[in-house]
Amino acid sequence: MRLSSKLTMLMAGLAVSACTNGNRFDNDAVDLNQATGQAGGVVPGSASDPASPAYFQQTVGDRVLFAVDQSALGPEARATLDGQVQWLRTNSDYNAVIEGHADEQGTRAYNLALGGRRANSVMEYLVSQGIPASRLRFVSYGKERPIEICSDESCYAKNRRAVTIISAGPTS
Amino acid sequence: MKQFVATCLTTLLLAVMGPLMALAQNGPLRIEITEGVVEPLPYAVPDFVAESAGAQELAQQIARVVADDLTGTGLFREVPREAHISRITSFGSPVQFADWKAINAQALVSGAVSSEGGRVVVKFRVWDVFAGTELGEGMQFAGSPDGWRRMAHKVADQVYSRITGESGYFDSRVVFVSESGPKDQRAKRLAVMDYDGANVQYLTSGDALVLAPRFSNDGERVLYTSYETGLPRVHVLEVGTVQSRILPGQDGVMSFAPRFAPDGQTVVYSITQGANTDIWAMDIASGGTRQLTSAPSIETAPSYSPDGSQIVFESDRSGTQQLYVMPASGGEARRISSGQGRYSTPVWSPRGDMIAFTKQNAGRFHIGVMRTDGSEERLLTASFLDEGPTWSPNGRVIMFARETQGAQGASSLYSVDISGRNLKRVRTPDGASDPSWGPLQ
């Protein structure tokens, strides 16, 4: 996860150079790249722009997963969050809302509280790595917003998540 | 909603002819509601007599709702109309007891309906067929034509009460969450309906996610959790005006799982701060709050005892969700659940003697009841996901939500007797969850 995201960042960097060079020497090619969204074109705000929320979501990784009824962060989750920390440090104009979720195997109020615990785990980790708490908020959706709808562990595992949503900042 | 208010105001108990007598306690016709298997009592409800032109249809409909109410309890069995020998063509004429005995109808409900000038009057009598006597005395209800179902429910409540010796629950309403759309894009709206699923009225638009509405004891207000501000916060809604407001709270702090104290002045609910969820109480008029639990674990789903002196709630302080009882002012809590699995969503019964709960064990969900000290635990249901019991006003029936398994899974409401008998689905127009049963009106 970490390696692949670094590679992607590297490739994105190369693409930016290529684009800049191309723009200097060959306007037609650049236009084509931008129009078709082919490699080499960086559209500001798109997923290929490392400063974009879309890039954060797709490349840095916006979510971490949890074991049944747990809110502890595993090594994989911490690696993802380290990437989030880097991004948030670099893009200090953005704030984030962390959404906690639970799978459907639980009662409604408890799952709200459990989703809160999970989101809070992420928030505490980000703060421990130097992101100001003033840039972060959390909210729990309990079991109300599954992304996978089957009633098997394969779906439950993806629904037990905390998702970091980038929002325009700064706020207060 | 306005229509309902009008109905409320105009459905007056017009005349009670003589005091109600507790005949059921002494008379021969009596259903003892016990834990054992009962043989449903056979009864007959012929069409009510239309005493004015144009009341024919209403007279039939009211008799059908009375029969649906009684048969729906599982305690009564209707002798089909095709089997009737006698017809009742005049409310005042003597009853031909022999004709009703012959078809083994032990109880007979006769009635009459008149409709004039936008006002409907329903009269009824209950007969003990084998004793050849009237059970209690005749009564009449009056109201506007659109309140006819309520009048039918009132008749059925009287019949139920005279034969069982307990108060009824038919003229009551349930507030719930109406659900539509697929599992990953489910829209939720607050709605209120008659206990039998009729007369559904929506209380919120569906723009904001709403959860777990709870009636006040007088049925005039509803507490619920809404995401209107972007995160879950407790709101209170006046049923009569459908106006709602958010309860005071700290910005950015989640509050949920609210429930009224019996006096309607205090609200208990959960607040999440950091990883910790605790139970708080708020004076609804002043907004003043008090923290009732302070463990670092999840404390939620509080419910008052009917006398307001204690609160039952769930906590995972032991490692898994279990049920605890504490004084209403907070303080030391004692654990009452002790079986296998997780216990949640406790609700104190209106009689004060039992607690209904959700239990999760070995991959199944159950609705169960136990004594308030945790003894005599009894599971009433089992399914992929049963959740969130609520008590009928007389404490004899529990309604809850059942969600089906899989990608097409949907939630609907069910009711079950506290004996575990008579499990049945409550028909709603769409999916439904989080029922809260209001008072007898």
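Biologist: What makes the four strands E24, E25, E26 and E27 of chain B an open sheet, and which of them stand at the edges?

Modeller: In this predicted model, the strands follow the order E24-E25-E26-E27 in chain B, with antiparallel pairing. Strand E24 (342-348) and strand E27 (378-379) of chain B each have a single partner strand, so one side of each is left without a neighbour in the sheet, and these two therefore stand at the edges.

Biologist: How do you know that strand E25 and strand E26 of chain B are joined?

Modeller: Two strands count as a pair if there are at least two bridges between them, and eight bridges join E25 (residues 354-361) to E26 (residues 364-371) in chain B, with the two running antiparallel. Within that pairing, B:Lys359 stands opposite B:His366 in E26(B). As a general point, strands of a sheet pair through backbone hydrogen bonds.

Biologist: Which residues have the most contacts inside the largest nonpolar core, and which element gives the most to this core?

Modeller: That core has 144 residues, and those with the most contacts inside it are B:Ile62, B:Val66, B:Ala107, B:Ile355 and B:Ile398. Helix H5(A) gives the most to this core, with 10 residues. As for B:Ile355, once its neighbours within four places in sequence are left aside, its contacts include B:Val312, B:Leu323, B:Trp348 and B:Val369. In soluble globular proteins, nonpolar side chains tend to be buried together.

Biologist: How many residues does each chain bring to the contact between chain A and chain B, and which element gives the most on the side of chain A?

Modeller: The contact takes 21 residues from chain A and 33 residues from chain B. H5(A) gives the most to the side of chain A that touches chain B, with nine residues. By class, that side of chain A has 10 nonpolar, six polar and five charged residues.

Biologist: Why is chain B called as compact as a globular protein of its length?

Modeller: The secondary structure of chain B comes to four helices and 32 strands. For 441 residues the globule rule gives 22 Å, and the radius of gyration of chain B is 23 Å, which is close to that value, so the chain is as compact as a globular protein of that length. Of these 441 residues, 49% count as buried, and the C-alpha trace spans about 70 × 45 × 45 Å along its principal axes.

Biologist: Are B:Trp100 and B:Val210 buried or exposed, and how do you know?

Modeller: The cut-off for a buried residue is 20 or more other C-beta atoms within 10 Å. B:Trp100, which is placed in helix H3 (residues 97-102) of chain B, has 26 such neighbours and therefore counts as buried. B:Val210, which is placed in strand E12 (residues 210-215) of chain B, has 27 and therefore counts as buried. Neighbours within four places in sequence left aside, B:Trp100 is in contact with B:Ala44, B:Ser86, B:Ala105, B:Leu108 and B:Val129, while the contacts of B:Val210 include B:Val177, B:Leu190 and B:Tyr224.

Biologist: What makes strand E32 and strand E16 of chain B largely enclosed?

Modeller: Nine of the 10 residues of E32(B), residues 431-440, are buried, so that strand is largely enclosed by the rest of the structure. E32(B) is joined by six bridges to strand E9 (residues 172-180) of chain B, running antiparallel to it, and B:Ser178 has B:Ala432 as its bridge partner in E32(B). For E16(B), residues 254-260, seven of the seven residues are buried, so the conclusion is that this strand, too, is largely enclosed by the rest of the structure.

Biologist: How do you know that E16(B) and strand E17 of chain B pair, and which residue of their hairpin takes a positive phi?

Modeller: Five bridges join E16(B) to E17 (residues 266-273) of chain B, running antiparallel, where a pair needs at least two. B:Ser255 stands opposite B:Ile271 in E17(B). The hairpin has five residues between the strands, and B:Gly264 takes a positive phi near 75°.

Definitions and conventions:
Residues numbered from 1 in each chain as written. Chains lettered and ligands numbered in written order. Predicted model: local features only at pLDDT ≥ 70, side-chain atom pairs only at ≥ 80, totals over all residues. Core = buried A, V, L, I, M, F, W, Y, C linked by C-beta atoms within 7 Å. Buried ≥ 20, exposed ≤ 12 C-beta atoms within 10 Å, placed from the backbone. Contact = placed C-beta atoms within 7 Å. Nonpolar A, V, L, I, M, F, W, Y, C, P; charged D, E, K, R; others polar. Rg over C-alpha atoms; globule rule 2.2 N^0.38 Å.
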